[in-house]
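Visitor: I would like to go through this structure with you. Could we take it topic by topic?

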Amino acid sequence: MTRPMFPRIQLIPHHTPLEPLERLSHHLGGPSIYVKRDDLTALGGGGNKVRKLEYLVADAIEQGADTLVTIGGIQSNHVRQTAAAAAKIGLSCVAILEDAVERKHPEYLFSGNVLLDRMFGAEIHRLERGEPTDDAIETILSAISHRGNKPYFIPVGGSTALGALGYVTAASELARQLDDHEIENATIVLPTGSAGTHAGLLAGLAELGRFEEVIGIAVSADRTTKENLVQRLVEETLSLLSSVQKPDPSRIRVEDGYVGPGYGLPTDKMEEAVQLTARLEGLPLDPVYTGKAMAGLIDLVTRGELTANDNIIFLHTGGSPALFAYPDLF
Ligand SMILES: Cc1ncc(COP(=O)(O)O)c(C=O)c1O
């Protein structure tokens, strides 16, 4: 069967680096830890969503849209990267921001990602806490159409099968780097939110016939909810690719012990992980996603689940602009 081709627009100028974290590896007693720097996807401050947007924005253009519309929390990295992509390509962007996290500091409400959204020219609609999102999305989409523009809606996190193709592509890039560095039997650790990154990576590895273990660290909800979400998106992504591969449920693993009181709410382990990585490696993480994922990685090593013989790849999905929304923590 011929593989379908998907329009893609290049937003990332080159491969993101794979780098050793030698001081962190030594501090934790031996496993070789590397970081895949998807925080360096460049556009608009970088992060994992730029990879998804390469496919989503191309689809928007193909459909003749002139306005990207998306939704996320007040400090959404996805919204910030969508606003930057719109600016770069010459489209408009409408950002719908949900009040999803119980934080009322002025920095949380107006700095970090949301400051960048404004800078990139996004038109911002803030929803009240608890306001039904589906109704708001519909109203905003029809208002955009009424004023003569053509909206293209990108769901939370860009986590559709089309968006997940960004991480199918990333899986090939990472696989080449692992081979070049002769890193065998790697275990990949990443944050899992709306799950497009996790699912795209698993679908991409399946397509390549590779068996690196992938461990998602949940940033919200529980293990079963997240694993079901990953499973569904792997299925949809492989089906979009007309793949002969079948999703293998035994390859789907999410750990949910690092969420703490909830999405976007700090934990002691997250704060320690962010501080440690900053001080040992000069590497900024973020309080919502990569900080919790690194807390999970450190705990898995400390508990002996990942050992000195393991090669661990930490997928840095970006997000450090959100640090400026949590100045009370660091
Ligand atoms: C920095 C960062 N890491 C990880 C994620 C989670 O990625 P996904 O939604 O694809 O699971 C996000 C999503 O917003 C993010 O902003």
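Guide: The conversation below covers the domains, the sheets and the surroundings of the ligand in this predicted model.

Visitor: Let us begin with the overall layout. Into which domains is the protein chain divided?

Guide: The protein chain has two parts listed by residue range: domain 1 covers 18–48 + 160–325, and domain 2 covers 49–157. Their centres, taken over C-alpha atoms, are separated by 24 Å.

Visitor: How many residues of domain 1 are in contact with domain 2?

Guide: On the domain 1 side there are 28 residues, and they are in contact with 29 residues of domain 2.

Visitor: Which helix gives the most to the domain 1 side?

Guide: That is helix α7, residues 161–180, which gives seven residues to the side of domain 1 that touches domain 2. By class, this side of domain 1 has twelve nonpolar and 16 polar residues, and no charged residues.

Visitor: Now the sheets. What is the strand order in the open sheet of four strands?

Guide: The order is β5-β4-β3-β6, and the pairing is parallel. At the edges are β5 (123–126) and β6 (151–154), each of which pairs on one side only. From one strand to the next, the twist averages 20°.

Visitor: How many bridges pair β3 with β6?

Guide: Strand β3, residues 67–73, pairs with β6 over four bridges, in the parallel sense. Within this pairing, leucine 68 stands opposite tyrosine 152 of β6.

Visitor: And the open sheet of six strands: what is its order?

Guide: Here the strands follow the order β1-β2-β10-β7-β8-β9, and the pairing is mixed. The edge strands are β1 (18–20) and β9 (253–255), each pairing on one side only. The twist in this sheet averages 30° from one strand to the next.

Visitor: Do β1 and β2 run parallel or antiparallel?

Guide: Strands β1 and β2 (residues 32–37) run antiparallel and are joined by three bridges. Proline 20 has tyrosine 34 in β2 as its bridge partner.

Visitor: What about β2 and β10, parallel or antiparallel?

Guide: Those two strands run parallel, with six bridges joining β2 to β10. In that pair, isoleucine 33 stands opposite isoleucine 312 in β10.

Visitor: A change of topic: the ligand. How many residues surround the ligand, and which are the closest?

Guide: The ligand is surrounded by 20 residues, the closest being Asn77, Gly193, Tyr289, Thr317 and Gly319. By class, the shell contains three nonpolar residues, 16 polar residues and one charged residue.

Visitor: Which helices and strands supply at least two residues of the shell?

Guide: Each of α3 (77–89), β7 (186–192) and α8 (196–208) supplies at least two residues. The largest share comes from α8, with three residues.

Visitor: From which domains does the shell draw at least three residues?

Guide: Domain 1 and domain 2 each provide at least three residues of the shell around the ligand.

Note on methods
Residues are numbered from 1 along each chain as its sequence is written. This is a predicted model: local features need pLDDT of at least 70, side-chain atom pairs count only at pLDDT 80 or more; totals for chains, interfaces and linings use all residues. A residue is near a molecule or strand if its C-beta atom, placed from the backbone, lies within 6 Å of it. Ala, Val, Leu, Ile, Met, Phe, Trp, Tyr, Cys and Pro count as nonpolar, Asp, Glu, Lys and Arg as charged, and the others, Gly among them, as polar. Domain bounds come from an automatic or database domain assignment. Two residues are in contact if their C-beta atoms, placed from the backbone, lie within 7 Å. Two strands pair if DSSP finds at least two bridges between them. Axes are lines fitted to C-alpha atoms, for helices over the stretch in contact, and angles run from 0 to 180 degrees between N-to-C directions.
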